[in-house]
Amino acid sequence: MTTPVYENFINGHFLKNQTGDTFAVKNPATDEVIYHVEIADEFIQNAAIESAKQGFAAWSAMTPIERSRILLKAVAILRDRNDELAKVEVLDTGKPWQEAECVDVETGADVIEYFAGLAPAQVGQQQMVGNDFYYTRKEPLGICAGIGAWNYPLQIACWKSGPALAAGNAVIFKPSEETPLGAIKLAEIFIEAGVPAGVFNVVQGASEVGQWLTANPNIEKVSFTGEVGTGKKVMASAAGSLKDVTMELGGKSPLLVFDDADVSQAVSAAMLGNFYTQGEICTNCTRIYVHKNVYQQFIDELKTRTEQNIIAGDPMDPEVNLGALISKKHQELVLGYIDKGIQEGATLLTGGKALSPVSAPNGYFVEPTVFVDCKDDMTIVKEEIFGPVMSVLVFDDEDDVIQRANDTHLGLAAGVFTKDIQRAHRVIHQLQAGICWINSYGNSPAEMPVGGYKQSGIGRENGIETLDHYTQTKSIYVGMSNIESPF
Ligand code: NAD
């Protein structure tokens, strides 16, 4: 059986490359190649820039309310096609259908809807200066590049294109080479909704294509989601033409469970924040600090629920709640971290091995894994693993646990469980992280800005402030009286 071959999406349609080079995409749950994708060669790259220039001219000339109306049509189509798009995400990522069906498309559509609503509300300022005055305009940047990771491919494409397009920019988007189809579907939907050709283009490939985007002088901004190390390379390359950057990078986030917490709720948060999307979520609370008075109760319930309630298997089965990791290579990396945890003296509470479920025997599964007796300097406690691996640590002093939680170069997210309202806010205000939860974990509505402190990122996605990251301010001074000149 031959598999489909997808071309790059340029100027409103698929465009064949000249080299004929392609790459294969596998379903992580079956280890089978499901389709091929053409790599963006020089011909495609040049066409993408020309297309985006034309797209920008047409799109930025429209009024914000016209752009908003078209984007809202795209939102409606996304929602209409929820199941078809969710299936694309399941086959590309290996994540469970029960998640993709209600989260991936919906949270992407929400963000486009949110920014479509905000677009006509963007205003400049006006101020008198003597008899003269000035006013400001919020103008789009031009061509923006989006570079995505593989864990939420369609959602990431929506989160980057929503504010960029609402503000009047054109976009060239490069999805991860592991999960390239969702962005193509989005491109088709934008065209169907009436977004002019050239406004949203999709180029395909791995780091070389990403590097071309970050170095290209016609591109004004790069919004990147991926690893910290890659983010540093992207930023260094973008500096060559002084591009604006947004960086959504990795984390190693702490969850603090105090002895007055609702322990069952804290266990729910810990499991969601480590096993949802089989642990491949940037904000995961992979360091769980539990107060010594509730430690035993916490790990007893955690062990029972992890061993009884997790169902791994064919991700398309609606009962399955633990999917396959993205690739064989990533599965090996995660298992390598588990070995390191054991070698460095942590105790396995549960899990620790590769899994081969009956309904998906060739998939890249890893058992939901919990380590206890963890120490702050262990590799599993310090490094992002990006798999279903949780480290549990004990504490007994508030100031001490805050200091331990902050002792990392990362600062993406953090959480606190306590019923003491003053402690909740006091502690969360001291945690060095951009996305924080009190008695909750993981929710990220379109209205809430998200992004990292320290090396977890720069700039924000979602929330009102993100529109500013896709516009530039033009100040215009207006003289109302004769110029006084010494010449
Ligand atoms: P990655 O850094 O390997 O790749 C991300 C993207 O960058 C891919 O599209 C890749 O092709 C491209 N790329 C690779 N090298 C490049 C280069 N030199 N120049 C330009 N582009 C290049 O990350 P990944 O493995 O795809 O994703 C997992 C990582 O993403 C984790 O660290 C995770 O924490 C992070 N992440 C962060 C967020 C967030 O919002 N903060 C969200 C999701 C994932």
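**Reading charged side chains**

A: Glu 139 is buried, at a relative accessible area of 16%, where buried means under 20%, exposed over 50% and partly exposed in between, with a 1.4 Å probe and protein chains only. This is a predicted model, in which local features need pLDDT of at least 70 and side-chain atom pairs count only at pLDDT 80 or more, while totals for chains, interfaces and linings use all residues. Residues are numbered from 1 along each chain as its sequence is written, and side-chain values use heavy atoms, with hydrogens and water left out.

Q: With which residue does Glu 139 meet in a salt bridge?

A: Side chains of opposite charge can pair when their charged atoms come close. A salt bridge here is a side-chain nitrogen of Lys or Arg within 4 Å of a carboxyl oxygen of Asp or Glu, and Glu 139 meets Lys 474 in this way at 3.2 Å, N to O. Because Glu 139 lies in strand β7 (residues 132-140) and Lys 474 in strand β25 (residues 471-478), the pair ties together parts that are 335 residues apart in sequence; strands are DSSP runs of E, at least two residues, numbered from the N terminus. Lys 474 is partly exposed, at 38%.

Q: How many salt bridges does this rule count, and are Asp 104 and Lys 95 buried or exposed?

A: The count comes to 21 salt bridges. Among them, Asp 104 and Lys 95 meet at 2.6 Å, N to O, and both residues are buried. Asp 31 pairs with Lys 26, with the closest N and O atoms 3.1 Å apart; here Asp 31 is partly exposed at 32%, as is Lys 26 at 39%.

Technical notes. Helices (H or I, at least four residues) and strands (E, at least two) are DSSP runs, numbered from the N terminus.
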